[in-house]
Amino acid sequence: MKQYGYFDDDVREFVITDPATPWPWINYLGCEDFFSLVSNTAGGYCFCKDAKFRRILRYRYNGVPMDSGGRYYYIKDGDSVWNPGWKPCKTPLDRYECRHGMGYTRIIGEKGGLRCEVLFFVPQGGRCEVHRVRLTNTGAAVKRVQLWSFVEWCLWNASTDMENFQRNLSTGEVEVGDRILYHKTEYRERRDHYAFFGANRPFDGFDTDRESFLGPYNGFDTPQQVFAGTSGNSVAHGWSPVASHRFDLTLEAGKSEELIFVLGYVENPPEAKFSAPGIINKAPAEELLEAFGTPAKADAAFAALKGYWDGLLGRFQLESAVPELDRTVNIWNQYQCMVTFFMSRSASYFESGIGRGMGFRDSNQDLAGIVHLIPDRARQRILDIAATQFPDGGCYHQYQPLTKRGNHDIGGGFGDDPLWLIFGTVAYIKETGDFSILEEKVPFDNQPGTEKTLLEHLKISFARVADNLGPHGLPLIGRADWNDCLNLNCFSDNPDESFQTTENKTEGSRAESLMIAGLFVAEGKDFAELLSQPAVSADPAYVDEVREAVSRMETAVKQHGWDGEWFLRAYDYYGRKIGSSENAESKIFIESQGWCGMARIGADEGLCDKALDAASKYLECEYGLVLNAPAFSSYIKDYGEISSYPQGYKENGGIFCHNNPWVIIAEAMAGRADDAWRHYCKISPAFAKDQSLRKVEPYVFCQMVAGAEAAHPGEGKNSWLTGTAAWTWKTVSEFILGIKPQYDGLLVEPCIPQHIGSYRVRRRFREAEYDLTIRLTGKGGSFRIPYRPGFQALEIEL
Ligand code: BGC
Ligand code: NOJ
């Protein structure tokens, strides 16, 4: 079992010791509006605000060799040419280490008595990456070495950048200073932004034209200038603009040289775009380089960034007897929640950054992972999302972060979407106590003049589902519910159309979803509780209506949604059951067990326990609970994309980590601690033993792990950007450790195996700071802590 790295919890880092990881293991930099993806070999790219429209570096997705493009430093030491991150030259190093930390990555390469350490981070308050490059001569003799930097610019729109070559190869423009290389393609016309790559001292040579730097037909691994020890001093006109500096350095024995590079993005006001005809206004770039361009300034910015993360993560800290749990809770799960919140599902090594923007349901769910960390940003996000809702309660399924406008190509019509707005808002108010958000005026479809309060949006959301029921009184599914691939109204036999956006059949449509039914009951109860808070003063008659709709739904589920041993998944367009023992395949699905279980539908009659037993019996495998079993073995036109995947992958029998927490929470609500814990450990990367098998980063959850029926069970995919982050956070913090935010305080109600004994949680909650020691004595129950600002230490026996 080959291992590629280990956790260094004291400094909150994952340390990679072998660069040839089974898949690029990446990190994210940035926490405001400038973001970078950086792999363990310095691959990746950055963008400002929007991964599609404001892409700064070019990246070759799924390229050959794997992970091509990034910020590369080349070193020539005598005849030896190498990179500190091993790639792209792949020259064997004497030592390699990559440390991914909170918002930074440090890569160290050593060869032949020369050590090169590059620290990458995005400073707060700066739209740039800072690279602190430290070269150390560890030998006994003086060394003359050369260092090249290299990045390749993207022509801003990451989509057309890969397609429209008849234009692109003629538009590229640059300017060259003595320390800064500028990329200004399209600045002459409608853009008021440019990018730059600067160093904190004048360079000895440069290149801005890719072919000059690499040489014709060469890859990043054989740049002709580097091997020749030169620079072409090329000025790009069209073709492919790049930026490369060269420094010729003399290093005394035992001495270090430190260079600071700043890779930045500038927006100028239209009236101050140019300093002379055709010449860009460079002042903001120079200021940005100035702001971080000495070792002392870079160190100070780095220290501030560390302080930011210490402060954030300090808001919830656990001490338990299980190091894997502490590591997940204290470091990586919270960190992943932040990244997922920032990116939604746009930019990762599985999402190109050009397809999906922010998802309506995705971003609402992401809130549950960060409301305790960055409540102000959660508040803004809720209002942004709500503004993409239609007046009839439907919603754009996705919106673009740059414009905050809904994406027309995807449109709406996903049956579950509206309910997630209630989910997100409830999570926010329970954490913050900020009921004033309900009074905020929010437009529909971003149309000025259509504003209604957020509370009205929630009412319309609820009604949208309540008023769109099928023949069994269950919610209509629309294009799909949470499971984007269960397309019951699509009937596609044309491979050239999308399963989700093709016109859905609505006439005579009866397809209904038990997942939405469970979601409706759970969120309906939450909504009624919210409406009943003194601060909301809702009309009691309306609250009763909500409760009655919930209760009717419970009855419908019990009458038409119970299969005898578990909850059905859906009724198809023709009114036939899906997820029933009567079906030949996919007799049972996970989503309805999770949601009806969390909604506690039929709990008194034992339905929830039975459904959870069935989930363990039929869905559980070594790596978690699969989505459906047995998986579909062929394409079924009536069901859509779900049956398009080979068995064991993605929505067809994969372990979709996002929905495992629903079952785990339902287990916890049913008081079944051992089952909850077992399921939790199976999907948590910290407990995974085999890094080679898992393939993707050992420090983050992935969307999907190949299930029991797959060709390679246990293989992870789609790491980082997944609702799994927020849902596992909610699961572990609120249901396993049992620290539940309530409108009036905290409720401590753990569901954790007895053998874990006692644990301590330090948690910030609004203006209060709690230091809770929880001793598990076996008596169970819960403990209520009314909210009171200030510090409180409590010992709680349960
Ligand atoms: C994937 C889903 C995803 C959807 C988004 C499908 O191909 O399997 O997980 O939600 O695309 O459009
Ligand atoms: C990923 C999507 O982002 C999410 O919205 C969806 O719920 C799941 N896939 C399941 O299909």
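Asn407 is buried, with a relative accessible area of 10%; buried means under 20% relative accessible area, exposed over 50% and partly exposed in between, with a 1.4 Å probe and protein chains only. This is a predicted model, in which local features need pLDDT of at least 70 and side-chain atom pairs count only at pLDDT 80 or more, while totals for chains, interfaces and linings use all residues. Residues are numbered from 1 along each chain as its sequence is written, chains are lettered from A and ligands numbered from 1 in the order in which they are written, and side-chain values use heavy atoms, with hydrogens and water left out.

Asn407 belongs to the loop between β25 (405–406) and α9 (417–432). Helices (H or I, at least four residues) and strands (E, at least two) are DSSP runs, numbered from the N terminus. Not counting residues up to four places away in sequence, Asn407 touches Gly357, Tyr396, Gln398, Tyr399 and Gln400, where contact means heavy atoms within 4.5 Å.

Lys143 is placed in strand β13 (residues 143–156). A polar atom of the Lys143 side chain lies 2.9 Å from the backbone oxygen of Gly112. Leaving aside neighbours within four places in sequence, the contacts of Lys143 include Asp77, Asn137 and Leu249.

The next subject is a pair of helices. Two packed helices are described by the angle between their axes and the distance between the axes. The axes of helix α5 (residues 295–313) and helix α6 (residues 323–343) come within 11 Å and cross at roughly 105 degrees. Axes are lines fitted to C-alpha atoms, for helices over the stretch in contact, and angles run from 0 to 180 degrees between N-to-C directions. Helices α5 and α6 are therefore roughly perpendicular to each other, a term that covers angles of 65 to 115 degrees. Tyr308, Trp309, Leu312 and Leu313 of α5 make the contact with Asn330, Ile331, Gln334, Tyr335 and Met338 of α6.

Finally, there are the ligands. Among the residues around ligand 1 are Arg356, Asp484, Gln500, Lys650 and Glu651; those around ligand 2 include Arg356, Arg361, Trp482, Asp484 and Glu651. A polar side-chain atom of Glu651 lies 2.6 Å from an oxygen atom of ligand 1, and a polar side-chain atom of Glu651 lies 2.5 Å from an oxygen atom of ligand 2. For ligand 1, an oxygen atom is 2.9 Å from an N or O atom in the side chain of Gln500. For ligand 2, an oxygen atom is 2.7 Å from an N or O atom in the side chain of Arg361.

Terms used
Parallel < 35°, antiparallel > 145°, perpendicular 65-115°, else oblique. Near = heavy atom within 4 Å. Polar contact = N/O pair within 3.5 Å; in protein donor to acceptor, adjacent residues only side chain to side chain.
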